[in-house]
Amino acid sequence: MTWIASGKISIDWKIIPVWSVINLIFVPPLSGEMYTSVKNMQQVISVEKELLNHLRTYIEDETLRLNDIKRFYAKVSALHSEVYNGPETAMANPLVAFTLIKRLQSEWMNIVYSNEAKENAEAFRAGYEKEESGLPKSEDLQGAARGLMRLQDVYALRVDGLASGHFRTASGGDTVDIYRPAVSVPLSGDDCFLVGKVAYEQEDYYHSVQWLEEAVRLFREEGGGWVPENEGTLEDTLDHLAFSHFKTGNVSYALSLSRELLRHDPSNGRVLRNVEKYEKLLVASPALDSPEKIALRRPNTTYLSTRNTYEWLCQTLGSQPKHYENPGLFCDSFTNGSPSLLLKPMRREVVSVRPYVVLYHSFVTSGEAESIRHLAQPGLRRSVVASGEKQATAEYRISKSAWLKETAHPVVERVDQRIAALTGLNLQQPYAEYLQVVNYGIGGHYEPHFDHATSPSSPLYRLKTGNRVATFMIYLSSVEAGGSTAFIYANFSIPVVENAALFWWNLHRNGQGNGDTLHAGCPVLVGDKWVANKWVHEHGQEFQRRCSPNPEE
């Protein structure tokens, strides 16, 4: 969305955007989806280690080459200072004359036209290309940038805090750290430029303004000079930022930034034309000529009506005191009458009555969780969601998942048996889906959704076993911050509890979906979140969970 300062004028001027002149070709997304799984990001570290080895070899080879050139320079300099002081006397010696002619005709040419630099560079490029298949793709960079913006939005983080390596938010006029990670790095001006550029290319000027403002500040602190590994410069950032401010209605500031850009690039015809048109706009509408920056407003969302509740539940990190004052909530040791649990009852915590949600502590051991993660890794693929009658990837679900049959390993079979014992449900195929193992990515999340099908055309019905009657979700890891499971309409969230499991009914006993089970996986702020889902279907549960016409049951 865009806003104009007065909210009333109609802008007819055609301002020329950056992308119409600057060669900012948008590379179509490739197959890379590395950013959707922290595990994949961990694996790519080894790829960069190999690149470092190739770079070290290149530096060593270039150092040898430059040392040879320095030696040649020293040799010739010494001749000019010691031998050629008296040219007539020196050239009278045929040996001196011969070495001069030979050096000018042969040695200088060998130095100037040496292929050694080219060969070193080609060897370095060959090493890079060898590792290239394991490197992040353009989609990974865009996805990672969107992940940072998602964390910024959901946790109300300040961009300057993120740029300094901290997770900070504004509270009561002060800036406070909501989490201090053990390991962090600051962002450079070029880092912030790339995040802002991703937003800019999506016409998301709310985010592009904030990230490009920070990039300008950092580029100025860094001196504004060109650095070979950078994609952006101070001039590029000013260019993008000026147009972003124009699109948010801040014509006065767009003009100021464009004039600053012209001091760096006086002959830029496109920016000159923009300046002329900004000036005409301000003459035509003096209300736009405000010395103060216009406050940015976050665009409204049309697809996520529960955004405010969802984000508040994520920000509270699983702490809603009023919810837990409910006298119907309790903890106990639970066996469900199963012989397999008599000697070691499960620690049950009822965290909600409506909807009925239970947390089983220490449901799996750390060893079992590690085994399941290891088994799933080779099969991890981008998670999909129902899209009509098909399934597709979606920006509102950022993770990778794999499916494990109970025959994949004895640990999977044990987990299935434990779920059946606790719930009393029939998990035999085809009445339950295989165990789905999920690993979240950068800012990994799953926005508010239902686990049960809400449309008759849902792909879930292809199994011909009815809807998903229940969800059993196992936390296979801990996280440092974020990643809570938020129940939107019930207004509570549950933090990640390592090795614990959540259970809830998706359907009422009359077969209708329980609207109170709308839930979300909050973005992971810091950490590597793994969960396993077991979805049980209606069919096969006739004697385990009897039907009832009462819509309240």
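Predicted model: local features only at pLDDT ≥ 70, side-chain atom pairs only at ≥ 80, totals over all residues.

Biologist: Fine. How many helices and strands does the chain have?

Modeller: There are 14 helices and 19 strands.

Biologist: And what is the radius of gyration of the chain?

Modeller: It is 32 Å. A compact globule of 553 residues would come out near 24 Å. The C-alpha atoms fill a box of roughly 115 × 65 × 45 Å along the principal axes.

Biologist: What share of the residues is buried?

Modeller: Buried residues are 46% of the 553. The accessible surface of the chain is about 28,700 Å². Carbon and sulfur atoms own 54% of that surface.

Biologist: What about contacts between residues 24 or more positions apart?

Modeller: They account for 73% of the contacts in the chain with a separation of 6 or more.

Biologist: Let's zoom in. Where is Arg348?

Modeller: Arg348 sits in strand β4, residues 346–352.

Biologist: Buried or exposed, that Arg348?

Modeller: Arg348 has 12% relative accessibility. The cut-off for buried is under 20%, so Arg348 counts as buried.

Biologist: Which side chain does the Arg348 side chain make a polar contact with?

Modeller: That of Asp332, at 2.6 Å. Leaving aside neighbours within four places in sequence, Arg348 also touches other residues, including Phe330, Phe334, Tyr356 and Tyr360.

Biologist: Switching to rings. How many aromatic pairs does the structure hold?

Modeller: It holds 15. One of them is Phe487 with Phe492.

Biologist: Why is the pair of Phe487 and Phe492 called stacked?

Modeller: The ring planes of Phe487 and Phe492 are at 15 degrees, with centres 5.0 Å apart, so the pair is stacked. Planes under 30 degrees apart count as stacked. Phe487 is buried at 0% relative accessibility, and Phe492 is buried at 0% too.

Modeller: Phe503 and Trp505 make another pair, with centres 5.1 Å apart. Their planes are at 80 degrees, so this pair is edge-to-face. Phe503 is buried at 5% relative accessibility, and Trp505 is buried at 17%.

Biologist: Which residues do ring pairs link into a cluster?

Modeller: The cluster is made of Phe334, Tyr360, Phe363, Phe472, Phe503 and Trp505.

Biologist: What sits over the ring of Trp535?

Modeller: The charged end of Arg468, 3.7 Å from the ring centre. Elsewhere, Lys529 lies over the face of Tyr440, at 4.6 Å from the ring centre.

Biologist: Now the backbone. Which residues does a cis peptide bond join?

Modeller: Arg354 and Pro355, with omega about 0 degrees. Pro355 is in the loop between β4 and β5. The bond from Gln429 to Pro430 is cis as well, with omega near 10 degrees. Pro430 is in the loop between α14 and β10.

Biologist: What is phi of Glu203?

Modeller: It is near 60 degrees, a positive value in a residue other than glycine. Glu203 lies in the loop between α7 and α8. At 49% relative accessibility, Glu203 counts as partly exposed.

Biologist: And Lys464, what is its phi?

Modeller: Lys464 has a positive phi of about 55 degrees, and it is not a glycine. Lys464 is in the loop between β11 and β12.

Biologist: Buried or exposed, Lys464?

Modeller: Lys464 is exposed, with a relative accessible area of 67%.

Terms used. Residues numbered from 1 in each chain as written. Heavy atoms only, no water. Helix = DSSP H or I, 4+ residues; strand = E, 2+ residues; numbered from the N terminus. Buried < 20%, exposed > 50% of the residue type's maximum accessible area, 1.4 Å probe, protein only. Polar contact = N/O pair within 3.5 Å; in protein donor to acceptor, adjacent residues only side chain to side chain. Contact = heavy atoms within 4.5 Å. Phe/Tyr/Trp six-rings, centres within 6.5 Å; stacked < 30°, edge-to-face > 60°. Lys NZ or Arg CZ within 6 Å of the ring centre and 35° of its normal. Rg over C-alpha atoms; globule rule 2.2 N^0.38 Å. Areas by Shrake-Rupley, 256 points an atom, 1.4 Å probe, with all protein chains shown as cover.
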